[in-house]
Every structure is written in C-alpha cells, then in structure tokens.
Amino acid sequence: MVEQPDPEQNPYINNPPLEFVAPETLGSDAAADQAAKLRTAIRYHDYRYYVVNDPVIADRAYDKLFERLRVLEDHFELTTPDSPTQRVGGAVQEALDEASHDRPMLSIEGVDTDSAVRAFDERMRESLGRESVTYLCEPKFDGLSVEVVYEDGQFRRAATRGDGRVGDDVTEAVRTISAVPLRLRGDYPSYLAVRGEVYMPRSAFQAYNRERIEQGAEPFANPRNAAAGTLRQLDSSVVAQRPLSVFFFDVLAVGPERAWQTDRLSHHSSLHEVLPEWGLRTAPRTARVTDIDAAIEYRNGLLDDRESLEYGIDGAVIKVDDRAACQQLGSTAREYRWALAYKFPARSEETTVRDVAFQVGRTGRLTPVALLDPVDVGGVTVSRASLHNPDEIDRLELSVGDRVRVERAGDVIPQVAEVVVAADTPVVEPPAQCPQCASPVTRDGPHAYCTGGLACPRQLARAIEHYGSRDALDIDGLGEQRVHQLIDAGLVTDGPADLYTLTGSELAALPGWGDRSATALVEAIEAATTPRLSAFITGLGIPSVGPRLARDLARAFGDIATLRTAGPEELAAVDGIGAVVADTIRGFFETERNAVELDRLLSYVDPQPVATGGPDPLDGMTFVITGTLAVPREAVTERIEGHGGRVTSSVSGQTDYLVVGSNPGNRKRTAAEANGVPTLSEDEFGSLLAEQGIALDNG
C-alpha cells in the first residue's frame with residue numbers, strides 16, 4: 001500500500017486542475033498554503049513515478065503543478081531549500097571540492113567463471129561456520145557510485161566514490177536528479193548516508209546523443225561516460241538538463257537514536273523494503289537466494305535479459321544477505337570480503353586492423369593503438385582499440401591487415417582479444433624514433449619509451465598539466481587547453497620552470513584571454529613558490545611515484561636535496577618501495593635533462609622541508625576531521641600522517657580527537673560525545689601541533 005496525502009485535503013493529488021487563478025488575486029497566507037500543498041503533491045507524484053513506477057496523473061498535469069509552484073514561489077518569495085523547484089541548478093562552481101565518506105565505499109572482487117563463484121561460496125561458508133549462506137543478488141550497474149547524505153530527512157550533500165574514502169563533492173549536480181528526493185518520506189532516521197549508482201537510461205542516452213550530434217557536439221561514447229561526465233559538470237544547470245537517474249542499494253551510516261533500525265536494516269534484502277519507504281529508489285531486479293547455484297542462475301538470467309533493460313549492467317553482484325555476518329567477514333583495504341561481482345563475458349565482434357599508431361604518455365611510455373574498420377560492439381561503434389604494450393603485439397603476432405576479434409572489457413574499454421585470420425604482412429614493431437619528437441625509443445621490459453624527456457612535446461604538455469594538478473602544486477587555471485595554448489605560443493618550451501617566467505601582458509595577448517584571467521594565473525603560479533615537499537615531489541612526475549608515495553619520500557628524506565642524491569639502497573629502505581621502484585626514482589634524478597629542469601625549478605621554488613628521524617610526536621594518535629578548515633584537508637592529513645598519526649573518516653572509541661571546522665555535520669560530533677572523544681577547534685588543533693613542534697600552515 002503506497003502512503004499518499006489525503007486527496008480531500010490536497011486537491012493536487014488525483015485530479016489536479018490544469019488552470020489556476022492569477023497569483024495577484026491570492027493573499028500571502030493563501031499562496032503559502034497552496035505552495036505547501038503543491039510541494040507535497042509534487043513529491044508524492046515524484047515518488048509514484050520514480051520509486052513505485054506507477055504514476056497517477058498525466059505528464060501535462062504534473063508540468064502544470066510544477067509551473068504553478070514556481071510562479072508562487074517567485075511571486076511571494078516562498079522558495080524553500082527542499083522545494084522541487086530547486087532542481088534546476090544554480091551558480092557555476094570553480095572546481096569540485098573533496099568530500100570524505102561516512103564509511104569507506106570499497107570495491108567488489110570481479111570474477112567471470114562459475115568455479116570462482118563456487119570458491120567464493122566455499123570461503124563464505126567456511127569463514128562463517130555455516131553449512132549454507134543466504135545471498136542477495138542484484139544487477140551490477142554500469143554507472144557512477146555516489147554517497148548521498150540526509151539530515152533530519154533533508155538532502156544535504158552527495159559525493160562520488162573517488163578512492164573509496166574521499167570523493168568529489170557533487171551535491172549541486174545530484175540535487176538536480178529527479179529520482180533523488182530532496183526530502184525523505186515516512187519514518188526516516190535523523191541521519192542517513194546511502195550508496196547509490198547514478199546512470200543514464202539507455203533510451204535517454206540515445207536521444208541525448210542525437211541532440212548533441214544535431215547541435216554539432218561530440219556524442220558520448222557510452223551511457224557510463226555520459227553519466228560520469230555529467231555528474232562532474234561544474235554548472236549544475238547543465239546537469240539538470242541531462243537525463244540522469246539513480247538506484248540506491250546500501251546504507252553507509254544511520255542515526256543512532258532508533259532501536260528499530262537494527263531490525264529494519266539487519267539484511268541487505270530488507271534495505272530493498274525500507275529504502276523505498278523513505279522515497280529512495282531501488283533496483284527492480286533483485287533476488288534473495290539460499291544457495292550459490294541459484295545465484296549463478298540469477299546471473300545467467302540477467303545475461304539473457306540485459307539487452308531489454310533500460311539501464312546498463314555488466315554482471316551480477318552476489319552479497320551475503322546478513323549484514324552482521326558481513327561485518328564479521330570484514331574487508332581488505334580495497335574490497336569487501338562478503339560480496340562478489342560475477343561479470344558478463346566481454347562483448348566481441350570481428351573487424352580488420354588497418355594501422356597501428358603509438359601514443360606517447362606523460363612518462364614517455366609508447367602505447368600501441370590498433371586503428372580498425374569501424375564495428376558495432378554492443379551498441380557502441382569501435383574504430384580503435386588499445387594494444388597495451390609491444391609485448392602484447394608480440395603475443396598476438398599482430399600485423400596490419402589481420403582480421404581480429406575485438407571485445408569491450410567491462411563493456412567500456414575496447415581491446416583486441418585475438419587474431420582470427422592473419423594477413424601476409426610483418427608483425428608490427430614499435431618505432432625506432434618517437435613519433436612526436438624523433439628521439440630514440442628504448443625498451444624497458446614489456447614497454448617502449450621515448451628518451452626525449454621534456455624535449456618531447458607530448459611529454460612536455462602532460463608534465464606541465466601534472467605539475468599544476470590538484471595532487472601536485474594545485475595551480476588553478478592550468479588546464480589541458482591552456483597548457484597547449486602556452487606551448488603553441490612558445491611561452492612554455494622546456495618544462496614547468498617556464499611557468500614562473502610568464503607575465504600578465506604575455507598571457508593577456510593570447511586568444512581568449514584578458515587581463516583578469518592573465519592576472520589570476522600569474523598570481524596562482526606565484527602562490528606555488530613555497531609548496532609542500534610532498535606536493536613538489538608529486539609534481540615532478542617521477543614514474544611510479546603518486547601522492548601517497550611522495551608523502552613517504554618527503555618524510556623519509558626531509559628535503560629535495562637529500563632525496564635527489566639518495567642511492568637505490570636508501571630509497572628501497574622506505575616502506576612500500578622495492579628495488580624496481582627505487583631504480584626508477586634513481587634513474588629519474590640521474591637523467592641529465594631532468595636534473596637540468598629540477599635545477600631551474602629550484603631557482604624559483606622553495607619546497608618546504610619536513611622533519612625526519614627521531615620519535616614521531618603523534619605516533620599512535622588517531623584524528624577525525626569534520627567541517628571545513630582554513631588549511632586544505634590534504635595538508636592537515638599530511639601533517640598528521642607525516643608525524644606518525646592517523647586520520648580516519650569516522651569516530652570510534654579508538655579516536656583520540658575530533659577536529660571541528662566550520663559548518664560541521666552533527667553525526668561525528670554526536671559520535672564523539674557518545675564515545676567520550678574530545679573535540680578541538682581548528683585553533684586548538686593548531687596549538688596541539690605547535691606544542692609538538694609541528695607547523696600547520698606550511699610544508
């Protein structure tokens with residue numbers, strides 16, 4: 001039985017009028033009452049349409065109700081934050097902020113054979129000490145995973161999965177999705193964080209691509225790319241115009257005050273009952289099964305029906321239904337132990353290889369790409385496919401003119417699976433010279449590399465982009481298009497050090513620039529002259545060295561001079577670095593062109609040293625951060641971890657301090673109070689660090 005407002009008290013439920021009196025004829029009280037009833041009715045109709053899939057009024061009537069509400073809110077200034085009219089999108093964001101998840105949003109192990117699924121079942125039964133395990137089976141959606149948070153029933157924020165612990169804040173984009181309620185229904189908890197999958201329905205994707213083509217825009221390659229690209233749009237009004245939807249399937253965190261929650265949320269299958277009661281849409285094709293054979297049968301049934309579904313799927317998720325058992329089974333650093341994705345076989349078709357091109361990446365690696373006669377693979381036209389590296393060409397014995405079988409791994413990435421009919425032509429060899437700069441090409445194991453370094457235009461552009469990226473020196477306004485413009489204009493010729501010689505007048509003279517944008521970039525570059533040591537190391541683009549390893553190197557060696565002269569043995573002594581990575585790092589610093597560019601950079605930039613050796617002042621201490629801090633959260637995390645502490649996403653009895661910034665959420669503070677965890681303001685936190693000789697405001 002679907003709960004509905006009383007139609008006698010609310011005339012906009014079953015038979016809404018199609019004409020309304022002019023707003024000027026209403027008093028303010030009457031307008032407020034009508035607007036409140038319209039909001040209630042529109043939320044109900046949204047629920048009927050998106051969650052129950054059983055609308056009770058025609059689209060034209062719904063549109064009339066929506067327009068009437070908008071007119072009343074505008075005329076009488078009655079807009080509320082949770083009004084359905086607030087889905088149209090707002091101001092353009094300059095960039096997406098980071099957002100920490102309430103609970104890690106981990107991945108799921110993927111397998112593609114019955115035997116692997118049966119082995120999973122055997123592990124579950126053995127680990128839980130049970131003769132049989134009940135599973136919930138769900139479609140594995142081919143979309144973008146998000147966390148959506150409600151406080152007191154109101155939509156508050158949303159974030160992409162990201163690395164599982166920190167994602168992109170996409171609150172304004174998700175707010176525009178009609179299937180995401182701005183206010184929960186029924187007996188909801190005071191705090192709720194749910195996980196869902198944002199996707200673009202297939203029919204909507206095809207219609208939207210047709211519209212893009214007719215407007216002269218490039219069509220999206222597939223619905224998943226369309227959903228991901230749309231959700232990360234900085235202009236939420238653009239997102240509102242694109243046809244996104246969502247399915248919810250997990251509860252990440254819930255308010256602590258109701259005893260009934262334990263029972264209502266005790267199984268994954270029960271979530272598919274309670275979430276719709278709160279207005280949250282769940283997947284229609286789920287099954288609770290009592291043995292693994294039924295789970296395999298469920299997956300095979302989805303495979304048979306996948307083409308008829310309105311949403312893209314690439315397999316079935318099989319998860320232990322009992323959530324208490326899931327907690328007992330735990331997880332690895334990346335994956336839940338209690339769930340498995342039984343993936344569909346890759347879609348494949350045959351076509352002919354017409355040529356093989358070699359792309360040059362930021363590190364100089366040459367990636368071979370097969371250029372193909374266009375072929376439709378699962379509804380997507382494929383005309384190129386990655387060959388990964390020269391060893392893969394040798395394995396396939398690939399030649400130009402071969403008839404090959406092409407498949408889309410995970411229904412997304414095209415790749416050459418095998419040669420079906422070989423042509424009478426030589427096997428493709430990597431070029432002796434870089435196709436971008438004509439520098440010699442060398443082999444390193446399975447890979448081929450350009451030796452031109454920053455002299456290679458392709459490497460130069462990627463190196464500049466990476467240097468200015470958020471994980472590195474975070475130079476705002478230094479995107480791909482502008483980097484290529486700087487290189488084409490001859491303003492950047494050798495490497496990142498050229499950035500520090502740019503002037504406002506040079507930039508303002510470029511097409512599409514003005515004094516304001518030129519000044520903004522120059523100021524952003526000037527602000528990057530005293531970076532954190534780990535950010536500077538990241539920005540150098542050393543192969544195999546990402547942000548986390550850069551932090552470990554900064555802490556181990558303390559300053560850039562010591563790091564650049566460290567030998568392979570010293571490097572290999574750093575936790576997480578083996579002999580191969582140590583040789584790679586050493587080779588980077590020994591390359592003459594890199595050494596010259598580093599010297600040039602250090603004439604402009606002063607990477608801030610960090611303390612090394614001695615006891616770690618924060619050793620064994622655990623911190624949780626809530627709200628917005630004046631210092632970037634990444635920098636705060638680095639301070640803590642760089643001195644032996646840990647930063648976690650949720651408060652527990654093991655937490656030492658909760659650091660509270662501006663606009664904090666209630667959940668973490670409530671958990672801190674319940675667990676007796678002391679809270680610190682940002683100033684108090686800075687004082688705590690200062691007592692340990694740790695500065696908060698620089699590298």
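Reader: How far is the sulfur of Cys137 from the closest cysteine sulfur?
Author: This is a predicted model, in which local features need pLDDT of at least 70 and side-chain atom pairs count only at pLDDT 80 or more, while totals for chains, interfaces and linings use all residues. Residues are numbered from 1 along each chain as its sequence is written, and side-chain values use heavy atoms, with hydrogens and water left out. Cys137 is buried, with a relative accessible area of 0% (buried means under 20%, exposed over 50% and partly exposed in between, with a 1.4 Å probe and protein chains only). The closest cysteine sulfur belongs to Cys326, and the separation, too far for a bond, is 13 Å.

Reader: How many disulfides does a search of the whole structure find?
Author: A disulfide is counted when two cysteine sulfur atoms lie within 2.5 Å. Over the whole structure, the number of disulfides found is 0.

Reader: What is the relative accessible area of Glu77, whose phi is positive although it is a residue other than glycine?
Author: Glu77 has a phi near 55 degrees, and its place is in the loop between helix α2 (59–76) and strand β1 (98–100); helices (H or I, at least four residues) and strands (E, at least two) are DSSP runs, numbered from the N terminus. Glu77 is exposed, and its relative accessible area is 73%.

Reader: Where is Glu397, and is this residue buried or exposed?
Author: Glu397, a residue other than glycine, has a positive phi near 55 degrees. It is found in the loop between α12 (390–396) and β15 (403–409). With a relative accessible area of 57%, Glu397 is exposed.

Reader: Which residue follows α18?
Author: Helix α18 covers residues 547–557, and its buried residues are Leu549, Ala550, Arg551, Leu553, Ala554 and Phe557. An α-helix has 3.6 residues a turn, so residues three or four places apart point the same way. After the helix comes a residue with a positive phi, near 85 degrees, and this residue is Gly558.

Reader: In which strand is Glu98 placed?
Author: Glu98 gathers with Asp97, Asp163, Asp471, Asp474 and Asp476 in a patch of negative charge on the surface. Patch residues have over 30% relative accessible area and no salt bridge, and like charges are joined within 9 Å, nonpolar side chains (Val, Leu, Ile, Met, Phe, Trp, Tyr) within 5 Å; a salt bridge is a side-chain nitrogen of Lys or Arg within 4 Å of a carboxyl oxygen of Asp or Glu. Glu98 is partly exposed, with a relative accessible area of 43%. Its place is in strand β1.

Definitions and conventions:
Areas by Shrake-Rupley, 256 points an atom, 1.4 Å probe, with all protein chains shown as cover. Lys, Arg positive; Asp, Glu negative; His and termini not counted. Charge placed at Lys NZ, Arg CZ, Asp CG, Glu CD.
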